[in-house]
Amino acid sequence: MKNGKLSWKKIKSWNLLLPVVALLLVMAVNIIYDIANGNNPLAFFTITLQQTTGNGTILYGRIIDILNRGSEAAILAIGMTLVVSSSAGTDISVGSVMSLCASFCCMLLAGYGVSSTSTLAVPLAVGVLGGILMGVVCGMFNGTLVAYFKIQPMVATLILFSAARAIGLLLCNDLIVYVRNGSYAFFGGFIGLLPTPLVITAICAVIITLLLKKTALGMFIQSVGINPKASRIAGLNSKRIIFLTYVLCGLFAGIAGIVASSRITSADSNNIGLYLEMDAILAVALGGNSLGGGKFSLAGSIIGAYTIQAITTTLYALGVSAAQAPVFKAVIVVIIVAIQSEPVRNYFKKASLAKKAKEVA
Amino acid sequence: MEDNVVLTARGISMTFPGVKALENVDFTLRKGEIHALMGENGAGKSTLIKCLTGINDFEAGEIRIDGIDGPVKNHSTRDAQNVGISTVYQEVNLCPNLSVAENLFIGREPMTKLHTIDRKSYNKRSQVIMDELGISVDVTQNLENYSLAIQQMVAIARAVDMDCKVLILDEPTSSLDDEEVEKLFVLMRKLRDKGVGIIFVTHFLEQVYSVCDRITVLRDGHFVGEYTVEELPRVKLVAAMMGKDLDDLAEIKKEGAENAINNPIEISAKGLSHTGTVKPFNLDIHKGEVVGVAGLLGSGRSELARAIYGADKANTGTLSVNGKDVKINQPIDAINLGMGMLPDDRKAEGIIADLSVRENIILALQARKGMFKPLSRAKQEELADEYIKLLQVKTPNREALIKQLSGGNQQKVILARWLATNPDFLILDEPTRGIDIGTKSEIQKLIVKLAGEGKSILFISSEISEMLRTCSRMAIMRDGEKVGELDRELTQENVMKAIAGGDTEK
Ligand SMILES: Nc1ncnc2c1ncn2[C@@H]1O[C@H](COP(=O)(O)OP(=O)(O)OP(=O)(O)O)[C@@H](O)[C@H]1O
Ligand SMILES: [Mg+2]
C-alpha cells in the first residue's frame, strides 16, 4: 500500500506526465474511432511495408505519417524551448524565417530569377547550407534585439515575423521557385525505411542534447532564465547566452525550412511554415514547460510537437475538414493547457487533501 | 481559550518531500506580548509561520484564534489578514517595480468617489508612514531603487499599518542597522502596549533580550519548550536551540592579521566611483587582510564593493590587482581576476531558485571555467558534498532545489558557491545574514582562516561586533562617500562614533 502510494507520487511529479498523457489520449481517441468503424482496433498503430515507385521499400502507417509530418514543428520546438527558457519570451518569427530560408536555398540552387530548374546552379550543399545560414542570420538579428537592446521578445521577433516572408518573395523575384531535382527532394523524402524529416529531427535532438548536457550550456541557459541578475553576479554573461539561444532557434528554423521546402521541391514563400510558430510555441507549453522561462524539458517539447500533429492527423481521419480542424484543435489545446495551469492543479491538490482529511476524521 | 490568549497552535505537523519540517508543535501567543520564536537554521520557524498564515497546508493539528469559534484554517495571506494576522516574511516579497507607496497600499488602495485609486491620498499617507518610522525615502520612487534594508522597512511598515491582532515578523532585522532595529523595537513596544501579540524571529540573541517577553524554542521541527525571558538566559537559550553547549564565540583569533598591512597590496582602487551610488574612493587591500566596511544604512557600503567587482560598472578611477591595472566591465571579468562577491540580497542576486543545491554551488566556478570545460558530474558532487559538510547545510540531499531550503541554509549554499571558486579576493556582503548563532561563529572563524592563507577579504556587515571580531582595518562610509579608515583601537564605540560623523580622517 505504502509502496503503491509512493510510486503514484513519483508518477505525479514526473515532468513528462502531461505531454505523455496528452499523446495517450489522442491515441485512445483513434482506437475508439477505429473500433466504432469496425476497423482493426490497432489500425492507428499498424505499420506496413510499402513499395515505392522508385522501387524502394518504406514504412507506411498513420504513426509514420504523424512522425513525418510533425517533424518541422518538432525541429522548431527544440529552438523555441531554448528561447523560452532563457528569455521568458517566444520567437514568433520562426514560421516566416522558415519560408525565407527555403526561398534563399531554392534561389541559390536555381539561380536568381529562374522559376523552375532541373539542374542545380550551385552544389546542393551550398544551397542547403546557405539556407540554414540565413536562419542563423535571422536568429542573430532577433538575438541582438532581445539580448542587447532589451526589446520584448514578442515585439523584437514581430519584425521578422512580418518581414521575412516578404524578403523571401523578393529573393525569388515574386515567383514560386521549383527545384525539380531528385537530390533536393531527399530532405523531405525517405532514407531507407524511415522518413528523412524524422531522421533529421532525431539528429537535431541528439546533437542539441549532447551540447546541453556535455557542456555547461544547459545549466547556464536555465540559470539565466530563472534569475538573470544572480546569474550575472555569479559570472554568467546573460546577454550572450540569451543571444545564443536565439541564434540556435534561427538555425533550427533554417533546417525546418529546408525540410518543408524539400517536401514540395519548391519555395512556396506564402505557405511554407505558415502558422507553424504557433505549433512550436504550443508544443513547448504542451511539453510541460513554463512559458515564464527557467527549467525546461526538450523531450517534452518534442513529444508536444508530435502530439499536435497527432491531433491534426486524427481530426482529418475523423473526417473533420481542413478548414474546421483548427477549431477542434483549439478546444483540445485549451483543455490540455488548462489541466496544467496553477489554479486547476491547486484545485485538485486541495480536493485530494480534503478527501484525506475526511478519511482521517 | 484562556482570556489573554490571542492565538494557539496545537500539534502542528507538516511534511515536505523528504523532510519532516514540523512534528507535533505547540505554540501559544498572548495579547500584548512579544514572543520570540527561536531555533537553528532549518528548525522549522518559517514553516510554522507559514502554517499560521495559510501558505503551508499542514497535515495535522489545529489553530485557534481569539474571537473565532472552532479551528481556523487559512488558505492564503489574505485569509490570515481577515482574521487579524499581519505578516512580514523572511524574504521580502514586495513588487520591486512598483513605487514604495504602491507597495504599502497594494490590495487595499484608498478609493476616490469615482472608484478610481486615490493616488494623491495614498502618496501622502505613505510619506507620513515612512516619516514616522524615520526612514527618508521618496515614496513615489520604485522600490527596486532602494537597498534591501529599506525594502525590509517598507515591508514592516506595510504590515504594521494594517489593523491586526497578531503581528508576525520573520527575521525582519536581518539586514537592518542598530539604529533601524531600535526604531523597529520602539514600534513593536507601542503595538504590544496596544494589546497586539507579536511573534518575532531573529538570530540575534541580544535582540531577544531587549524586546521579548517570552521565548518558544524549536529544534529539528520539534517543540522544545516555552519559557519566559527571565527563565532562559543566553547560555541556556543557545543550549536549548542547539541541543548542546556552544563553544565560546569570542574565541576567534586574528593571528598575524595585525601584520597583514605589511603584505603586498592585492587590490588597489584609485578614484573609483559609480554615478549615483558611490563617490570616488581610494582603497588598498593587502594580501591576507580582512578589511571591514562600516557605515549607516544607505551610506554606500555595498555600493563601494559593487563598484570594485563590476556589479555596478565603475564610471571613473582605476583599479589594480597585484599591481597591474585592470579593466572590469562585468562580474565575469572580476571573477577571472580571482575575485568573488557574495551579494547581500540573497533572493534577488544570490540563489537560482529552481536549480539544485549542487548546481548552485558549482555555478560560479563553472562560469569561470567557461561553458566548454564542464566539471564532471563526479567532481560537482564531490564539491557539493564537501561544502554541504563544511558549512553544515541542512538539506535532504545535494539534488534538492535550493528554494526548498530554509533561508539560512540558502545563505550557506551561496557562500559555498564563492568558496568553491577559491578566490584571491573575496567580497562578503552580509555573509552571515539569517545564519544561526552556532554556524555564524564557524563562518567568522573560516573568514579569519582564509585570511591566514593569504586571501584578501572585504567584509561588509550591519553588525559591527562581527566585523570587530574579524577585521584588522575598517573603511568608514557616509552618504555614499568613503570618509576615512580606522586601523587602531577598533572598538564598538570608536566605530559607531566614526560612522555617525566624528572626525575620523587621519
Ligand atoms: N518548500 C519546501 N520544500 C521542501 N522542503 C522545505 C520547504 N520549505 C522548507 N523546507 C524544509 O523544512 C525545514 C524547515 O525550514 P524553515 O524554513 O521552516 O526553517 P527556519 O527555522 O525558518 O530556518 P532559517 O533560520 O534558516 O530561516 C528545512 O529543513 C527545509 O529544508
Ligand atoms: Mg526561516
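Predicted model: local features only at pLDDT ≥ 70, side-chain atom pairs only at ≥ 80, totals over all residues.
Residues are numbered from 1 along each chain as its sequence is written, chains are lettered from A and ligands numbered from 1 in the order in which they are written, and side-chain values use heavy atoms, with hydrogens and water left out.

Let's start with α4(A), residues 71-87. Helices here are DSSP runs (H or I, at least four residues), numbered from the N terminus. The axis of α4(A) lies 8 Å from that of α14(A), residues 298-317, at an angle of about 150°; axes are lines fitted to C-alpha atoms over the stretch in contact, and angles run from 0 to 180 degrees between N-to-C directions. So α4(A) is roughly antiparallel to α14(A) (over 145 degrees; under 35 counts as roughly parallel). Their crossing is right-handed, the near helix being turned clockwise from the far one by less than a right angle (anticlockwise is left-handed).

α4(A) also packs with α9(A), residues 196-214: the axes come within 8 Å and cross at roughly 15°. That makes the two roughly parallel, and the crossing of α4(A) and α9(A) is left-handed.

Next come α6(A), residues 124-148, and α12(A), residues 238-263, whose axes come within 7 Å and cross at roughly 150°. They are therefore roughly antiparallel, with a right-handed crossing. Their contact residues divide into 14 nonpolar, 8 polar and 2 charged (Ala, Val, Leu, Ile, Met, Phe, Trp, Tyr, Cys and Pro are nonpolar, Asp, Glu, Lys and Arg charged, the others, Gly among them, polar).

Now for the cavity. The lining of the largest cavity includes B:E171, B:H203, B:R433 and B:K440, and by class has 2 nonpolar, 6 polar and 3 charged residues. Domain 1 (5-97 + 142-232) and domain 2 (252-338 + 424-506) of chain B both contribute to that lining, so the cavity lies between them; the bounds come from an automatic or database domain assignment. A cavity is a set of points on a 1 Å grid over the protein atoms alone where a 1.4 Å probe fits but cannot get out, and lining residues have an atom within 4 Å of a point.

Methods:
1 Å grid on protein atoms, 1.4 Å probe; cavity = no way out; pocket = protein on both sides within 12 Å on 5 of 7 lines; lining within 4 Å. Parallel < 35°, antiparallel > 145°, perpendicular 65-115°, else oblique.
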